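Welcome! Let us take a friendly walk through this structure, one part at a time. Have a look at it first.

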Amino acid sequence: MNLLSVENIAKAYGERVLFSDISFGINQGQKIAFVAKNGSGKTSMLNIIIGEDQPDDGQVVSRNGIAIAFLAQEPELDENLTIEETIFAGNNPLLQIVKNYEQALENPEDTDAYQLAFDAMDQHQAWDFETLYKQLLSKLKLDRLQDKVASLSGGQRKRLALANILISKPDLLILDEPTNHLDLEMIEWLEDYFAKTNITLFMVTHDRYFLERVCNEIIELDQGILYTYKGNYSYYLEKKDARIAAEKASVEKAKNLYTKELDWMRRQPKARTTKSKSRIDDFYEIKAAAHKRRKEHQVQLEINMERLGSKIVELHNIGKRFGDKNLFQNFDYTFKKGERIGIIGKNGTGKSTFLQLLTKNMESDTGKVVHGETIKFGYYTQKGLQIKPEQKVIDVIREFGDYIPLAKGRQLSAAQLLERFLFDRKKQYDFVEKLSGGEKKRLYLCTILITNPNFLILDEPTNDLDLLTLGVLEQFLMDFPGCVLIVSHDRYFMDKIVDHLFVFKGNGIIDDFPGNYTDYRVYENSIPPASKEKSTGDKKNWKKDDNSRLSFNEQKELKKLESQIKSLEYDKLAFEKKFENPDLCTEEIKALSLELQELIDLIDQKTERWFELSAKQEQ
């Protein structure tokens with residue numbers, strides 16, 4: 001049964017056309033994701049569907065009587081209401097019946113009111129609804145019903161808005177980045193709920209595991225054309241690759257035909273026959289097809305990172321609490337070259353506070369943080385850029401630097417860096433307020449990278465980024481020779497990037513886990529609940545790969561060696577440049593030679609170990 005139809009809609013802002021002649025339908029039971037690059041009009045599409053905006057052409061037609069609910073990225077809630085009052089302010093008539101019944105329970109002396117409320121519950125069969133309502137609040141961890149909305153965190157507000165929507169039982173639920181601001185535990189619950197519930201969804205999300213496990217259809221808007229894929233994220237990737245390959249083959253065929261027809265055009269006499277006229281018209285169609293090309297802009301990142309010394313960051317017995325809330329205590333860690341560490345934990349366990357302490361933007365209550373002399377942080381925060389009124393894109397980046405050093409002594413100007421991050425020359429002179437949310441995040445990444453850091457700290461970097469930019473960022477981070485520390489709820493992103501995790505468990509506990517997020521979930525599910533309080537040391541050998549001769553720790557060592565060797569080779573090149581100084585005396589050259597030989601020996605040692613493990617893996 002069709003619930004809603006989008007019919008030939010178009011939307012433009014001045015000369016900028018977001019989309020035109022777009023049509024699709026949403027049928028009962030479908031779980032559809034709408035995928036497009038940042039700035040292509042995803043949010044505009046959602047606003048048109050829910051009636052917050054009007055298309056320039058076309059129309060949106062919904063079935064009579066259906067209830068449509070919308071979960072925004074940043075839900076608008078009445079700050080003066082409590083959680084309970086917000087829930088009961090919903091438009092489901094059963095809510096008022098449950099509210100009257102619960103009020104009657106609080107005033108048992110009024111037997112008439114209680115009997116009326118009880119009868120209404122029976123008459124409208126509201127008992128099951130009350131159970132569902134209480135179960136949802138419990139699952140969404142909204143137990144403190146008298147807390148004011150004004151006192152809630154971003155994650156709590158998102159859960160409250162979600163509870164309101166799920167309790168109302170809409171026929172069609174439209175979601176804009178539903179996983180933003182939710183912690184990993186809540187995302188997994190929501191993912192499981194949507195996957196198992198017979199509910200109709202239309203969503204915009206960058207969470208690829210969510211796309212994989214919830215959606216049964218993906219609609220992609222690519223260069224103004226709509227493509228539909230009847231499957232989940234894996235199916236979408238497979239079919240998209242096949243489509244692009246077919247398009248390339250079609251263009252090559254058109255090019256060959258174009259060459260042939262171009263030769264014919266050049267040989268034609270001035271007098272044209274009717275048949276010639278038809279062939280000439282065909283020629284221009286062939287020419288258009290032959291010159292068609294995909295605008296697959298790929299960000300090419302080859303940053304010449306500043307050298308990272310032997311001392312990076314050391315944490316000695318650090319602790320932090322706010323009032324009675326103990327975030328962490330007695331935590332020690334020494335960062336090593338090339339490490340990629342992920343931070344996970346429930347909202348409110350101190351993840352962002354930890355980053356503030358690490359960068360010395362906040363003082364710890366106990367212990368100390370020691371920075372190496374060569375450390376240069378690139379800190380990507382959730383707050384994003386502070387934009388000045390009427391500031392242009394190019395002006396923003398130039399405030400942070402005019403160029404970025406590349407390999408082999410080359411440089412990349414601010415304008416060139418923006419181009420590589422998909423901001424063409426025209427867009428560089430646009431006002432920043434005209435950018436989409438994802439484009440602003442992409443610009444923010446540029447401002448971080450142009451400072452040429454050697455220790456990247458990324459606090460929720462994937463929010464609002466499109467799938468293409470996410471892939472580019474992942475590739476860059478895998479090649480980045482410095483240290484990376486990431487706080488993210490994007491499980492796919494974490495699985496691809498990190499070597500191990502800091503798990504913030506609350507009550508002052510931080511566990512150092514040797515693996516990525518999926519490894520951690522497998523570990524958590526493989527042990528009895530009573531055993532989960534054991535020390536981190538018990539986790540070191542929890543996993544064996546039956547398909548490999550390498551132990552789990554050896555697999556991790558092999559992976560780590562690759563980044564270490566790459567980092568050491570980078571140090572070696574930087575070290576060799578010191579010999580180019582013509583003012584070096586004999587003693588200085590001798591001392592440098594000894595240091596360089598030690599570095600070469602270390603590279604050889606690690607390379608030999610890499611070959612040893614690689615050979616063992618292939619046996």
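## The chain as a whole

What you see is a predicted model. The chain contains 20 helices and 20 strands. Of its 619 residues, 49% are buried.

Contacts can also be sorted by how far apart the partners lie in sequence. Among the contacts in the chain with a separation of 6 or more, 68% come from residues 24 or more positions apart.

Just after helix 4 comes Gln-125, with a positive phi of about 50 degrees.

## How helix 3 meets helix 4

Two packed helices are described by the angle between their axes and the distance between the axes. For helix 3 and helix 4, the angle is about 145 degrees and the axes are 9 Å apart. The crossing of helix 3 past helix 4 is left-handed.

Which residues meet here? From helix 3 come Ile-97, Val-98, Asn-100, Tyr-101, Ala-104 and Leu-105. In helix 4 they meet Ala-113, Tyr-114, Ala-117, Phe-118, Ala-120 and Met-121. The residues of this contact divide into eleven nonpolar, one polar and no charged.

## Helix 5 and its neighbours

Next along is helix 5, which has 13 residues and spans 18 Å from its first C-alpha to its last, close to the 18 Å expected at 1.5 Å a residue. Its buried residues are Phe-129, Glu-130, Tyr-133, Leu-136 and Leu-137. These cover an arc of only 130 degrees around the axis, which puts them on the same side of helix 5.

What do the buried residues of helix 5 pack against? Their partners are helix 2, helix 3, helix 4, helix 6 and helix 7. Helix 5 is followed by Lys-141, whose phi is positive, near 55 degrees.

## Helix 6, mostly covered

Helix 6 covers residues 154–168, has 15 residues and reaches 22 Å from its first C-alpha to its last, close to the 21 Å expected at 1.5 Å a residue. This helix is mostly covered, with twelve of its 15 residues buried. Among them are Arg-157, Lys-158 and Arg-159, along with Leu-160, Ala-161 and Leu-162.

The buried residues of helix 6 pack against both strands and helices: strand 5 (68–71), strand 6 (172–176), helix 2 (83–88), helix 3, helix 5 and helix 7 (184–196). Just after helix 6, Lys-169 takes a positive phi of about 50 degrees.

Is Leu-418 buried or exposed? Leu-418 sits in helix 13 (residues 414–420), and it counts as buried because its relative accessibility is 0%. Leaving out residues up to four places away in sequence, Leu-418 touches Val-393, Ile-394, Ile-397, Phe-423, Gln-428, Leu-443 and Cys-446. One of these, Ile-394, is 24 residues from Leu-418 along the chain, and their C-alpha atoms are separated by 7.9 Å.

Gln-475 belongs to helix 16 (residues 467–479). With a relative accessible area of 43%, Gln-475 is partly exposed. Gln-475 and Ile-497 are 22 residues apart in sequence and 8.8 Å apart in space, C-alpha to C-alpha.

Asp-21 is found in strand 2 (residues 16–27). Its phi is near 55 degrees, a positive value in a residue other than glycine. Asp-21 is exposed, with a relative accessible area of 55%.

Gln-223 lies in the loop between strand 8 (217–222) and strand 9 (225–229). The phi of Gln-223 is also positive, near 55 degrees. At 41% relative accessibility, Gln-223 counts as partly exposed.

Technical notes:
Residues numbered from 1 in each chain as written. Predicted model: local features only at pLDDT ≥ 70, side-chain atom pairs only at ≥ 80, totals over all residues. Heavy atoms only, no water. Helix = DSSP H or I, 4+ residues; strand = E, 2+ residues; numbered from the N terminus. Axes fitted to C-alpha atoms, helices over the stretch in contact; angles between N-to-C directions. Left-handed = near helix turned anticlockwise from the far one by under 90°. Contact = heavy atoms within 4.5 Å. Nonpolar A, V, L, I, M, F, W, Y, C, P; charged D, E, K, R; others polar. Buried < 20%, exposed > 50% of the residue type's maximum accessible area, 1.4 Å probe, protein only. Expected span 1.5 Å × (residues − 1). Arc of directions from axis to C-beta.
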